[in-house]
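I opened a new notebook page for this structure.

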Amino acid sequence: MDWSDKQFGFETRAIHAGQPADATTGAVVTPLYLTSTFVHSQPGVFQGYDYSRAGNPTRSAYETCVANLEGARFGFAFASGCIGTTTVMHLLQQGDHVVCCDDMYGGTYRLFEEVFRKQGISFSYVDLRDAAALEQALRPDTRLVWVESPTNPLMKLVDIEQVAQIAHAADALLMVDNTFLSPYFQKPLALGADLVLHSSTKYINGHSDLIGGVVVTDDEALRERLDFLHRSMGGIQSTFDSYLCLRSLKTLAVRMRAHEDNAHAVAHFLESHPKVDWVAYPGLASHPQHELACRQTSGHGGMLSLQVSGGLEAARRILSRVRVFTLAESLGGVESLIEHPGLMTHASLSAEKQREVGITDGLLRLSVGIETAADLLADLEQALA
Ligand SMILES: Cc1ncc(COP(=O)(O)O)c(C=O)c1O
């Protein structure tokens, strides 16, 4: 069955792509193939799978489905977003240069600076909202441009189509970390990206009960190299976690719509609150790139940041008072989370770097869940009072 996006809608593909009824039993749900190895009828002759690091039918079903949702043919499921990033970075070699957005997930920044810089890869961090700054940062040895959009935590947007054109003109690949919006709201490959990464720990799985990553591409040469790296480096997602992610994809669309509805309500509430200096949410008309958000994405997701007046002391007070929001890192689960980027997710950035990208003492990041909207607003109201 051809589950291409030309014929079927997102929700249909999320439920069916890569998931035919089980050929041996007729099971409607893709079975959990908990096996490390597979029988050979003769040495070297087997039915498509020989060892689960190289491939497993449950993981394959999930990889096919998630790739389909991103508009790609090839997907690779990893044990974490970070090992997905690590594996992609092995497409490069010593002496290569990467241009990255300056406001990126702190763990990715740490990996680039503390691991890959030591291996001879160099990095430039640029405000990729500015096309001229990107052009200036590109060098003859630039092989990759690394984008998050929206960025984490300041919700800056990058014009993916424009950056893809500039990167390709310089013979560099474009990788987009699509964790914040999921393929339901943003499809970077259709905008010209070569590779898409997710921390599937977040919206793809959506239930805060596993760590995972996924990388997709529609490029045959990249598929071949990634397939080799995936099976050779072995950063694969476990079969059980692949099963959970596959199950979660079936509700991705309904979850994303619910996240967005609640995030809109929370963003509007906070924007008019006297103790809030500003709210960064691409769905607000006040977001400086609201027009790009409406053009580039089909929705604005569940993530937003705000700066409370009163700095660190005020931020700490709010964090100690929330009851429905949970003080925790991570994002994209059904439950609402709140965190302090300067002290938590982005603590690995030096104070100077934090200042440079705009992470202030009063900055809080919310991952708005799918609880009853009125309960979320009441919780924030009492915490801010
Ligand atoms: C945008 C983004 N990319 C990548 C990662 C890394 O993913 P993981 O924690 O699954 O390794 C994270 C983790 O928070 C993230 O927020």
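**Entry 1: the model**

I noted at the start that this is a predicted model.

**Entry 2: a helix pair**

I looked up helix α3, residues 81-89, and helix α8, residues 220-233. How far apart are their axes, and at what angle do the helices pack? I read an axis distance of 10 Å and an angle of about 125 degrees. Is the crossing of α3 and α8 left-handed or right-handed? I found it right-handed.

Next I listed who makes the contact. From α3 come T86, T87 and V88. From α8 come L226, L229, H230 and M233. I sorted these contact residues by class: four are nonpolar, three are polar and none is charged.

**Entry 3: the largest pocket**

I then turned to open space. The largest pocket holds about 480 Å³. I counted 30 residues in its lining. Which of them lie closest to the pocket centre? I wrote down C82, Y105, G107, S199 and K202.

The largest share comes from α4, with four residues. By class, I logged 15 polar, nine nonpolar and six charged residues in the pocket lining.

**Entry 4: the cavities**

How many cavities of 30 Å³ or more does the whole structure have? My search gave two.

The largest cavity has about 40 Å³ of space. I listed its lining as S149, P150, L157, L181, Q186, P282, A293, Q296, T297, G299 and H300. Six of these residues are polar, five are nonpolar and none is charged.

The second largest cavity also came out at about 40 Å³. Its lining is L270, L306, V308, I318, I338, L364, L366, L380 and L384. Which elements give two or more residues to it? I noted β11 (303-308), β14 (363-367) and α14 (373-384). What classes line this second cavity? I logged nine nonpolar residues, no polar and no charged.

Technical notes. Residues numbered from 1 in each chain as written. Predicted model: local features only at pLDDT ≥ 70, side-chain atom pairs only at ≥ 80, totals over all residues. Heavy atoms only, no water. Axes fitted to C-alpha atoms, helices over the stretch in contact; angles between N-to-C directions. Left-handed = near helix turned anticlockwise from the far one by under 90°. Contact = heavy atoms within 4.5 Å. Nonpolar A, V, L, I, M, F, W, Y, C, P; charged D, E, K, R; others polar. 1 Å grid on protein atoms, 1.4 Å probe; cavity = no way out; pocket = protein on both sides within 12 Å on 5 of 7 lines; lining within 4 Å. Points joined across faces, edges and corners; volume = space filled by probe spheres on them.
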